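This note sets out some points on the domains, pockets and pairings of one protein. Please read it with the sequence and the structure open.

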Amino acid sequence: MVSSIPNDIFQFGTTAATAAGFAHGQPSTADLTSHGTDGIGSFEDGRLMILNNGEAHALDAQNKATPAPPDARLPFAMVTAFRPTYRMEVPSLDMESLDDLFSSPKLAHARAVNTLAPFKVVGVFKSVEFTDGGEQSGLKGILFGYVVPSWMKGICGPRIHAHFLADSGEVGGKVEDFETEVATLSFAKTGRFHLGFSQMGEWEDVRL
């Protein structure tokens, strides 16, 4: 059961394969909650995905969020049964300071340098800069993603790999940078990582 493995990460596909153009999905939106409550990913049609408390949204290139079709398939997905073991109030936070925090010796054994760590930032966002272009300001919402060790970049993505979803459920996307006014940061460290691959013949032709 998912509840017995909090903060384990179940991943299908790799970011390197997605970047190389592999876009054949296997798990569907409906499959995601069998493995977790929160996550990020991408659909076959190029839209991105965020799973927040068991509800999945599709995020298009214009940063518009809509409920994800249950039968839509994902060539890349990272989901976890998110049960944060650390929580802190942060008066202000951005991408750089978030990275610095997770790398800081001040966190002692809670820091995430060589370990994957799912995290969620909840609060008021002064600004959100999206990877696809565009910027939004003054939004209440959540930022969910993973702190990724450098040795896993080709598997899981950049150091801070995160998607945003506004409380309205209408705005979201992959985040390049952000700044909060006031927010709560919660996170955990992952003990086990599960990786699945496509069984299609085209997978073996991808140059990774």
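1. The helix α1 makes the largest contribution to the lining of the largest pocket, with three residues. Helices (H or I, at least four residues) and strands (E, at least two) are DSSP runs numbered from the N terminus. At least two lining residues each come from α1 (15–19), β2 (38–42) and β10 (160–166). The model is predicted: local features need pLDDT of at least 70 and side-chain atom pairs count only at pLDDT 80 or more, while totals for chains, interfaces and linings use all residues. Residues are numbered from 1 along each chain as its sequence is written, and side-chain values use heavy atoms, with hydrogens and water left out.

2. The volume of this largest pocket is about 390 Å³. Its lining has 21 residues, and T18, S42, L48, H161 and K174 are the closest to the centre. On a 1 Å grid over the protein atoms alone, a pocket is an open set of points with protein on both sides within 12 Å along at least five of seven lines, a cavity is a set where a 1.4 Å probe fits but cannot get out, and lining residues have an atom within 4 Å of a point. Grid points are joined across faces, edges and corners, and a volume is the space filled by probe spheres set on the points.

3. Which classes of residue line the largest pocket? There are eight nonpolar, nine polar and four charged residues. Here Ala, Val, Leu, Ile, Met, Phe, Trp, Tyr, Cys and Pro count as nonpolar, Asp, Glu, Lys and Arg as charged, and the others, Gly among them, as polar.

4. The protein is divided into domain 1 (8–81 + 193–205) and domain 2 (86–187), with bounds from an automatic or database domain assignment. Each of the two domains gives at least three residues to the lining of the largest pocket.

5. The C-alpha centres of domain 1 and domain 2 are 19 Å apart. Contact (heavy atoms within 4.5 Å) joins 29 residues of domain 1 to 26 residues of domain 2. The two domains bury about 2,000 Å² between them, with 65% of it on carbon and sulfur atoms. From domain 1, I40, I50 and N63 supply 29% of the area buried against domain 2, more than any other three residues. Buried area is the accessible area (1.4 Å probe) that two parts lose on being put together, summed over both.

6. How many salt bridges does the rule find across the interface of domain 1 and domain 2? The rule finds one there, whereas the structure holds five. A salt bridge is a side-chain nitrogen of Lys or Arg within 4 Å of a carboxyl oxygen of Asp or Glu. The side chains of K120 and D38 form such a pair (2.8 Å, N to O).

7. The second largest pocket holds about 210 Å³ of space. Of the 13 residues in its lining, F10, Q11, F12, P27 and H35 lie nearest the centre. Two or more lining residues come from each of β1 (9–12), α2 (29–32), β6 (76–80) and β12 (193–196), and β1 gives the most, with three residues. The lining has seven nonpolar, five polar and one charged residues.

8. The structure also holds one cavity of 30 Å³ or more. The largest cavity has a volume of about 40 Å³, and its lining includes F12, F22 and W203. By class, that lining has five nonpolar, four polar and no charged residues.
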